[in-house]
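Have the structure open while you read.

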Amino acid sequence: MADADRLVPARISELLTTRRFGRRVYYYPETDSTNRIAVELIRRGEEDGCLVIADYQTAGRGRLDRAWTSPPGRDLLFTLILRPGESVGNVLPVTLVLALAAARGLSGLTGAEVLVKWPNDVVTPDGKIGGILAQQPSVGGSGRAIAAGIGINVNSRRDDFPHEYRDGVVTCAMLSGATLDRARVLCDLLREMEDLYDGFCENGFSGIRPQYERRLNLLGETVGFDRSGGRVEGVVDGVANDGALRVLPAGEDGGAVLLYGEEVVSRS
Ligand code: BTN
């Protein structure tokens, strides 16, 4: 990778328009996982908005213990340290807020329709373009904190992805027909994320919920999910203020079921 292409802190700070997000940066040409490093930094008391970013990860992690792979120097692999304070009860709505911000930012950058797939995927009609992995480590004395990991497919090519899911992924470059400046994409996304996240910390998720539901890709569609040991189908009705997915089970009159961590599969 040419030195000019590396996401070094000086390159990021040239383009940054945020107040806190990314103002303090830990950059790694290569590391195992930026989430793992962020958890370590949280334990050492690192501050809200601190950015951990890598040009390559050897053991990137995704949701549900999946691996997150990306070739060196083509995509965005970063983790934000967040210290939301007592008003934010759990990590789920933070995941939704960051996914929505990423979808909005990527829509602006590529001109494509970018949606959120509850809880953490950022998708387009052509495939997945990014994902969020927010973890809340146990942290003794240093207060409530979240390591919010974000992976965005920016310039990687279809054959950079493993065969198993090559058909289900898309990149910013594929959508816009040009190679993008990763530093610029990063700084645009950090701005979107900070604005939406600060609004969320001040007013809760209820003010953001209508925007989230407008970008929710399975709204009104039939999905399948596991419940009490069996497979159930229902129609996605929206999200609750704590970030749970609201699903109306087929053939039941009992009202919506709230899903918190279950995998949801489209049946439409
Ligand atoms: C998912 O869609 O399953 C979430 C993927 C999150 C990947 C990012 S890449 C940067 C950060 N470090 C990690 O190890 N994972 C997250």
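Counting cavities of 30 Å³ or more gives 1. The rule works on a 1 Å grid over the protein atoms alone: a cavity is a set of points where a 1.4 Å probe fits but cannot get out, while a pocket is an open set with protein on both sides within 12 Å along at least five of seven lines, and lining residues have an atom within 4 Å of a point. Grid points are joined across faces, edges and corners, and a volume is the space filled by probe spheres set on the points. Keep in mind that this is a predicted model, where local features need pLDDT of at least 70 and side-chain atom pairs count only at pLDDT 80 or more, though totals for chains, interfaces and linings use all residues. Residues are numbered from 1 along each chain as its sequence is written, and side-chain values use heavy atoms, with hydrogens and water left out.

The largest cavity comes to about 50 Å³. Around it sit Lys117, Trp118, Leu216, Leu218, Val236, Leu245 and Val264. The largest pocket has a volume of about 820 Å³. It is lined by 41 residues, and Arg66, Trp68, Asn120, Asp121 and Lys128 are the closest to its centre. H2, E3, E5, E6, E7 and strand E12 (265-266) each give two or more residues to that lining, and E6 gives the most, with 5 residues.

Those labels are DSSP runs numbered from the N terminus: helices are H or I with at least four residues, strands are E with at least two. Now for the sheet. It is open, has 7 strands in the order E1-E2-E3-E7-E6-E5-E4, and its pairing is mixed; two strands pair if DSSP finds at least two bridges between them. Strand E1 (25-28) and strand E4 (115-117) are the edges, each pairing on one side only. On average, neighbouring strands are turned by 20 degrees against each other, direction ignored. E3 (residues 76-82) runs antiparallel to E7 (residues 146-152) over 7 bridges, with Thr79 standing opposite Gly149 in E7.

Helix H2 (residues 34-43) lies across E1, strand E2 (51-54), E3, strand E6 (127-135) and E7, at about 20 degrees to E3. Helix H3 (residues 91-110) touches E3, E4, strand E5 (121-124), E6 and E7, and its direction makes about 145 degrees with that of E6. Axes are lines fitted to C-alpha atoms, for helices over the stretch in contact, and angles run from 0 to 180 degrees between N-to-C directions.

What about the nonpolar cores (buried Ala, Val, Leu, Ile, Met, Phe, Trp, Tyr and Cys residues joined through side-chain atoms within 4.5 Å)? The largest has 65 residues, and Leu76, Phe78 and Trp118 have the most contacts inside it. H3 supplies the largest share, 12 residues. A second, separate core of 11 residues includes Leu41, Val52, Ile81 and Val139.

Last, some backbone details. The Trp118 to Pro119 peptide bond is cis, with omega near 0 degrees, and Pro119 is in the loop between E4 and E5.

| Residue | Phi | Loop |
|---|---|---|
| Ser228 | about 45 degrees | between strand E8 (222-227) and strand E9 (230-239) |

Leu64 counts as partly exposed because its relative accessibility is 41%, whereas Ser228 is exposed at 78%. Here buried means under 20% relative accessible area, exposed over 50%, and partly exposed in between (1.4 Å probe, protein chains only).

How values were computed
Contact = heavy atoms within 4.5 Å.
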